[in-house]
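Colleague: I have not looked at this one before. Can we go through it together?
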Amino acid sequence: MAFSSSPCARLWTRLVLEPDTRGQGTWTIGANRIPFGPKAWEITFDVTTPAELVRDVHAELLDVYLEDRYSDRDRLFDDDTAPHTAYAPLFARGWSHEVRMVGTQTFRSPDGLGAVRHWFAPGGSGGSGDAAWTTWAGDGAKPHWRARFTRGAPATLVAAFTASLISTEPLHRAVKDVPLDFRHSLYMAAATAHQPTAVPPPAGPAPGRTR
């Protein structure tokens, strides 16, 4: 297990692996209003979550932490970012939208490989504890990876996650590292000395791709 915390012990992140089971374990980010006090919010990622997604959330987390430290703001706990900031970009990428009376809205990628669910009703979490956002790739019943943001987690971190999720920046992957269900969506990208340029994928209904 790897563990680190901020100097004021209000913010921490840890990696817990299950050594006897390949691909099992979680990354967790948490925050406490009072040092070493009760948890205010938490974000968890399966260890199989693409590294780029975890990296981009941590990068945004550092920005928020530094902004709080050198200003009179406290966005770690009182973030005023509107929830639609996190899901509006999904519409621009052609994700579908389904709203249910239980207080959830679910966004699904055009290729059917990913989904983001938001519990917008106060106090509701649809059987997922205190989750406000969950996202996954693959079959929802047995996903390749899943990420979860509890209530109170800054919406700006959710927005950083969804922005990374729909990014069209080419990724470096060996075919053997890509789940079988996703391989039909692969396409090659031609790298240059300055900026990688993606070769357009075959014609199809999906604008962009899900990590």
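Colleague: Which residues does Phe161 touch, not counting residues up to four places away in sequence?

Modeller: This is a predicted model. In it, Phe161 touches Phe45, Leu53, Val57, Thr135, Trp145, Ala147 and Phe149, once residues up to four places away in sequence are left out.

Colleague: And which residues have the most contacts inside the largest nonpolar core?

Modeller: Trp41 and Phe161. That core has 33 residues.

Colleague: Which helices and strands each supply at least two residues of it?

Modeller: The helices are H1 (51-69), H2 (84-92) and H3 (155-165). The strands are E3 (25-32), E4 (39-46), E8 (131-137) and E9 (145-150). The largest share, six residues, comes from H1.

Colleague: Now Val54. Where is it, and is it buried or exposed?

Modeller: Val54 is in helix H1. It counts as buried because its relative accessibility is 8%, and the cut-off for buried is under 20%.

Colleague: How many residues apart in sequence are Val54 and Phe161, and what is the C-alpha to C-alpha distance?

Modeller: They are 107 residues apart in sequence and 7.8 Å apart in space, C-alpha to C-alpha.

Colleague: What is Val54 in contact with, leaving aside neighbours within four places in sequence?

Modeller: Trp27, Phe45 and Thr49.

Colleague: What does Thr134 touch, not counting residues up to four places away in sequence?

Modeller: Ala115, Val116, Arg117, Trp119, Ala147 and Arg148. Ala147 is also among the residues that Phe161 touches.

Definitions and conventions: Residues are numbered from 1 along each chain as its sequence is written. This is a predicted model: local features need pLDDT of at least 70, side-chain atom pairs count only at pLDDT 80 or more; totals for chains, interfaces and linings use all residues. Side-chain values use heavy atoms; hydrogens and water are left out. A nonpolar core is a set of buried Ala, Val, Leu, Ile, Met, Phe, Trp, Tyr and Cys residues joined through side-chain atoms within 4.5 Å. Buried means under 20% relative accessible area, exposed over 50%, partly exposed in between (1.4 Å probe, protein chains only). Helices (H or I, at least four residues) and strands (E, at least two) are DSSP runs, numbered from the N terminus. Contact means heavy atoms within 4.5 Å.
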